[in-house]
Every structure is written in C-alpha cells, then in structure tokens.
Amino acid sequence: MQKWKQAWQIAKFELSVSTRKIAFGCLIILGFFSYAISSFQQYLDNNVIGYDLFFILFFTLGINIGNPNYWHLKQADVYPLLMTQLPLPIQQEIVIKSRFIIHFCFSFPVQIAFLIIFYVASPIADLLSIPAYIAFAIIWLSVNLYIGTLTPISEVYPANWLFTVAMTFFFLFIFLFILTLSNLIFDHSVVKLSIIIAKNWPVISSMVSLIIGFAAVKAHQIYMKQIMNKRDYF
Amino acid sequence: MRALLTITDLEKQLDHLYLGPLDLTIAPGTITTLAGANGAGKSTLFKLIMNLAKRDKGSIQLLDIETNGTDESWKQHIAYQAQMIIGWEPFTGNKLKDFISSLYPHWDEAMFQKMVALFQIPLDQRFGKLSQGVQQKLHLALTLPRNTSLLLLDEPTSFLDIPAKQKLMDLLVEWMEQGDRAIFMASHQSADIMKLSDYIAVLKEGKLIGTFEKDALLHSHRRYWIKKHLPEESIPGVIDRFAHCLISNVPEKTEAFLQQEQITWTQQEVLNLEELLTLLIERR
C-alpha cells in the first residue's frame, strides 16, 4: 500500500495539469451517456452489436475514448511525461503504479458516474434490483481492471502510427469476436448477458470479476516492467 | 580514490552505429568533456549510463552499483540533463521545482534561487511557452541543485546566450568546489571545454579514441612552418603535412629529425583546442 501511496504522489503531478483534458473528455463522454440511456430499450429488443462495442470501449478507456490528444500521444514512441520521470530517482515499480493510477483517474470516476445515471435514467432498474445492479456495475468496472489496464502498457510499447492502426484493428477484431461468440453460444449479446449473470449470480459474478481484475492488474504491472526493461528510450 | 563512474567493455548496436567496446572512468574532483562529431554516439553513451538505452555487453557502475540492476539507488547520485526535454511543456517552473526537489533529499534551494535570479527565469510561466534558451536555463536550474555526486550534462550551453554561458561556467566551478564530485559533459563548444575540462574523451564513430588530460593534449601537438620544400620521406611524429607546414604529435622526435636533416623552421606554434579536436576526430 505504501508503494501505491508513493505512486499517487507522482500521479498527482500530472493530474494537476490535466483538468482541461478531463473536462474535455467528460464533455465528449456525455454523448455516450445519452446514447447508452436512450438506446437501451431498443438494444434489449434488437441486440444491437454496436451498443456492446461502445460499452466495452467505454469501460476500457474511460474518458480517453473521446480524447483526441490521447490517440495522438499513442502514436508517439513513448508517453512524453514518462521520459522525464525515468531518469529521476523514482523506483520503476512506483512509476508503473503511477501510470495505472492516472489511467484509473481518467476512467473510474466517469464510469461510476455513468453507472449511477444509467440506473436512474434507463429502464435497467426494472430488470435489476439494487444488489444485482451493484454486481452488474462490478462486472463492468472489472473490465477496466483486466482490459483497461492494457492502456498504460501501451504508453511504453515501442510504437508508430502503423502499429497503432494495427493494434486498433486487432482489438476491434477481438471485441467483435467476443460479441459474435456471445450471441452464437448464449443467444444474448454481451451487455444483456452481463445483466442475466448479475441477476442470477450476483455474489459469485462479482467475486470472479474482481479476482480476475486484480490478478490482471498485478500481471499487467509485471508485463509493463518487462517491456520497459527491454526497450531503448531515444 | 573510488571512481564515481566506471564503464567497462560497453557495447551497443544501433541502426547506423556500433558503439564500443568502450572503457571509461570518471574520478571525483574531475571534469571530463566528451567530444565528437554529430552522430558519434555521445548522447547514446549518456542514455546508456542512465539505463535509458539497454547495453548489449559490458558494465556501467555508478559508485559500484550496476545501472541496469535491480538496485535503483544509483539514481540518487546522478543528475542528468538531456539535450532535448519532452513532457515538461504543460508545467510551470514552480511546479517542476516542487516535484523534482521533493525527490532529492540534498536539494540546494539556495542554489536554485540563485540560478533563477541570475538567469532571470520566470517560474510562473509554462515550460512550453518559454524560449529554447530559457528552457535550457530552467533545466539547468533544476539539475545542478540536486546535489548529486555526478553531473551528466548533454550539450548544456547549446541554446545559451554569451553572458549566460559565462555565468554557467562560474556556477559549475562553484558546484565542483562543494565536495568530491565530478562533471561528465558532452559539448561542441571549445570555449566550454577550454575553461572547464580536466580531461577530454574523444569519441569517433562509436569508438573512444582516447581520454586525454587537457593541458597535456594542448602541448602534445605542434605546427612547424618550413622555408624550403619538405623531403618526400616520412618524418617521425608528423601526422599532417602541407607544402611548407607540418603538424607533429611527437615534437621532440620531429625536431630532432629536422635538425639532423638541417631543415630549419621559421615558426612553430601549439595548436588551439578546436584544431586539435578536428585533427583527432577527422584523422583516419
């Protein structure tokens, strides 16, 4: 826990100049909020695959989904601020944790806000009780833990625009594959399936999601360290 | 005395350059300048020292700690000023100072304030809004006060105006006087090297030609102006020759030969540092 506290001190430095970035990202995300709420009934009736895709992307990237600067920076060889921190006397482990904290700050608050508004404003309250909805929220917030935490890793991955485009298509393919598989095997799309799971097995689904999520956070830190120790920073 | 920095058998393959094998030692109380043409590998060597680039072979130890090992405490003993800085653009000088000073337990606040006043650095403006020269001044003001054992400076004066260069020279001398420290810097400015350096390490196409004691190097080469035509045969010590002029890196042997051949010279002079470095860097 001490290391996460130290990492928070490092992350605060970047967050202190990120107000405009967060505000702009939130503004863009408002569009997603209204789409997700207004189209929910239509989604339940027709299994719209784009709705699932938006859900997965939002719970993976948070406000970065609407931040053009984020996509621009991903094309850079390495995240600029990281370049300035690496020669400083900060343990590599702390630097890595601080990148995870930054990602969580750019994603969890807006995701939690969405989940609250979604429950109040959409017809989901008719389908799920509050405990079941909490399980639903945990399932989706865990997506951020096991897929979203790949975002800080991409900051140190040696990349160029070709790599970025290739990775975008790769993840898009993976997401579409999951969505198709979900429809073929369970006859339900991903969000609908998560509603059913949360409704029938709220405790187990929450626990399994959190276990996978926290294990992934740990594993992704180790993976990020391996990449950082292999690459050159020119 | 224990070396601050020890580089042994260092090798690194780059796209267009093979750096090394390279051996170098930086002792406390010394200022060493790394000289070399553009693309010789100077900045790469600094990045290898800082573990920002991964070595293929060899060892780099700062106070006996391998810089690519699990013990990261060596970073407390070195302050690195990179040639280019990216990522600082959104921060003001005040924010950068608060962040960086908190990482160094021996941060010299008085020195920082002195440098800010001396260079007239506006700390309330964002780094990205400052001119290149002021950015460099701020970068230096955030590097020197870290009070580390070794200062690693990559082209510290490249964007500085003449008065600022002079002030920096004085600050570096003052910084050296405070203890068993060393400066290892890359520079193209012969005036910087002349004024500050004790040693000059010459890097050519990734290979270290040698590390020379500055004063010895200055007196090791001499130019002779000869009245009559020079003989065709090779002359001991001569490393370059024209119709009536020759340059020797062993003046005693050259003079003995000329006297023996009864060739008189009208004038002789030591080479200036720029000429010497050109000779060392470009000689095949």
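Colleague: Leaving aside its neighbours within four places in sequence, with which residues is Met169(B) in contact?

Modeller: This is a predicted model, in which local features need pLDDT of at least 70, side-chain atom pairs count only at pLDDT 80 or more, and totals for chains, interfaces and linings use all residues. Residues are numbered from 1 along each chain as its sequence is written, while chains are lettered from A and ligands numbered from 1 in the order in which they are written. Two residues are in contact if their C-beta atoms, placed from the backbone, lie within 7 Å. With neighbours within four places set aside, the contacts of Met169(B) are Lys195(B) and Leu196(B).

Colleague: How many other C-beta atoms lie within 10 Å of Met169(B)?

Modeller: Met169(B) is found in helix α5 (residues 162-176) of chain B; helices (H or I, at least four residues) and strands (E, at least two) are DSSP runs, numbered from the N terminus. A residue is buried if 20 or more other C-beta atoms, placed from the backbone, lie within 10 Å of its own, exposed if 12 or fewer, and partly exposed in between. Met169(B) is partly exposed, because the number of other C-beta atoms within 10 Å is 16.

Colleague: In what order do the six strands of the open sheet in chain B stand?

Modeller: Two strands are said to pair if DSSP finds at least two bridges between them. The pairing in this open sheet of chain B is mixed. Its order is β6-β7-β8-β3-β9-β10.

Colleague: Which strands of chain B stand at the edges of this sheet?

Modeller: An edge strand here has a single partner strand, so one side of it is left without a neighbour in the sheet. The two strands in this position are β6 (78-81) and β10 (207-213) of chain B.

Colleague: Over how many bridges do β3 and β8 of chain B pair?

Modeller: Strand β3 (residues 31-36) and strand β8 (residues 182-186) of chain B pair in the parallel sense. Within this pairing, Ile31(B) has Ile183(B) in β8(B) as its bridge partner. The number of bridges between β3 and β8 of chain B is four.

Colleague: Into which domains is chain B divided?

Modeller: The domain bounds come from an automatic or database domain assignment. The divisions of chain B are domain 1 (5-216) and domain 2 (220-282).

Colleague: Which element gives the most to the side of domain 1 of chain B that touches domain 2 of chain B?

Modeller: The C-alpha centres of the two domains of chain B lie 37 Å apart. Their contact takes 10 residues from domain 1 of chain B and six residues from domain 2 of chain B. On the domain 1 side, β3, α6 (190-196) and β9 of chain B give two or more residues. With three residues, the element that gives the most is α6(B).

Colleague: How many helices does chain A have?

Modeller: The secondary structure of chain A includes zero strands. From the N terminus on, its elements run α-α-α-α-α-α-α-α-α-α-α-α-α. The number of helices in chain A is 13.

Colleague: Against which helices do the buried residues of α7(A) pack?

Modeller: Helix α7 (residues 92-105) of chain A has 14 residues. This helix is mostly covered, with 10 of its 14 residues buried, including Ile94(A), Phe100(A) and Phe104(A). The buried residues of α7(A) pack against α1 (2-15), α8 (108-121), α9 (130-148), α10 (150-154) and α13 (202-230) of chain A.

Methods
The expected span of a helix is 1.5 Å times one less than its number of residues.
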